[in-house]
Amino acid sequence: MAHLEIGKRIADLRRQKKITQEQLASMVGVSAGAVSKWETGSSVPDIALLSPLARALNTTLDTLLSFQRELSKDEISRLKQALTKVFLQEGYAAGKERVLASLREYPNSTPLKLEAAGLLFMYSNLEAQQGERFLHAEKEAVLAMYQEILASGDARSRAAALFCTASLLLDLGRYGECEQAIQELFQASVDPTPLYSQLLQQQGKDEEAETLCQQMLLQYLNQSAAMLAILMRLCEKNGREEAAERYLEAVNDIQARFGIGLGAGCLLSCHRRLAQGK
């Protein structure tokens, strides 16, 4: 595969420069047959010829060797889709092999490692027939990948890696470490409350779990009602009356069912009716 990639790159660059295989061969001191073998993937240039080749083709070694220091978001997304197909079509072992090969190719790509760890975790869970020992070993391996991400200091991936680390630690029954990760999450941009509630539940701390769930549910309901009210006003502003009415009904329903909002939904309804002259 690597042979074909460098051969195709040489052929493409040679054609762009509008020179023949014979001319390129003469420029770097080899036979035309050697150039033909490179381009068809039968062989690769000697390492000593790479710099002369790059100069002859008016390019850089990075371009000639298709070297990338980092992958873009789109490239990572496309690679994730390709890897997902391998898991689905060829099975877990083949998918894992391709994931590890990708990580060897881009060992410093923390975003890729984050996606790779997620794929391994998700698809290893579908291998229940392999037994508990297998699943435990796979989870430990994925946990190590997340810990490598955290150790890298990559701020872009830290919150997601922390959340996944806490989830795995919970799954593995390592509750003390799980709580430590959750406490770090409280300081990050990801809300770990659902995970923390699950931790309390699995430890048998039912009253604490119930209290936390009730507190956070109240907070989420208030926030949801506020967002629905904003959406209602935006729809009114843009003449989308039916949508505005549905959002207002949702605000009223939430506040009536859970006894929150101090009648704000009713007040909004009154203002809306007055504005409509009803």
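Visitor: Why is lysine 80 called partly exposed?

Guide: In this predicted model, lysine 80 has a relative accessibility of 33%.

Visitor: What makes lysine 80 and glutamate 115 a salt bridge?

Guide: The closest N and O atoms of the pair are 3.0 Å apart. A salt bridge requires a side-chain nitrogen of Lys or Arg within 4 Å of a carboxyl oxygen of Asp or Glu, so the contact between lysine 80 and glutamate 115 qualifies. The pair links distant parts of the chain, with lysine 80 in helix α6 (residues 73-90) and glutamate 115 in helix α8 (residues 110-124), 35 residues apart.

Visitor: Is glutamate 115 buried, partly exposed or exposed?

Guide: Its relative accessibility is 29%. Because buried means under 20% and exposed over 50%, glutamate 115 counts as partly exposed.

Visitor: What makes aspartate 171 and lysine 139 a salt bridge?

Guide: Their closest N and O atoms are 2.7 Å apart, and the cut-off is within 4 Å. The pair is therefore a salt bridge. Aspartate 171 lies in helix α10 and lysine 139 in helix α9 (residues 132-152), so the pair ties together parts that are 32 residues apart in sequence.

Visitor: How do you know whether lysine 139 is buried or exposed?

Guide: Lysine 139 has a relative accessible area of 12%. Buried means under 20%, so lysine 139 is buried.

Visitor: Why is arginine 15 called exposed?

Guide: The relative accessibility of arginine 15 is 51%. Exposed means over 50%, and arginine 15 therefore counts as exposed. Aspartate 12, at 27%, counts as partly exposed.

Visitor: What makes aspartate 12 and arginine 15 a salt bridge?

Guide: Their side chains meet at 3.9 Å, N to O. The limit is within 4 Å, so the pair counts as a salt bridge. Both residues lie in helix α1 (residues 2-17), three residues apart, about one turn of the helix. Salt bridges that share partners join Lys8, Asp12 and Arg15 into one network. The structure holds twelve salt bridges.

Visitor: Why is serine 157 called buried?

Guide: Serine 157, found in helix α10 (residues 155-171), has a relative accessible area of 3%. The limit for buried is under 20%, so serine 157 is buried. Not counting residues up to four places away in sequence, serine 157 touches Thr110, Pro111, Leu114 and Ile149.

Key:
Residues are numbered from 1 along each chain as its sequence is written. This is a predicted model: local features need pLDDT of at least 70, side-chain atom pairs count only at pLDDT 80 or more; totals for chains, interfaces and linings use all residues. Side-chain values use heavy atoms; hydrogens and water are left out. Helices (H or I, at least four residues) and strands (E, at least two) are DSSP runs, numbered from the N terminus. Buried means under 20% relative accessible area, exposed over 50%, partly exposed in between (1.4 Å probe, protein chains only). Contact means heavy atoms within 4.5 Å.
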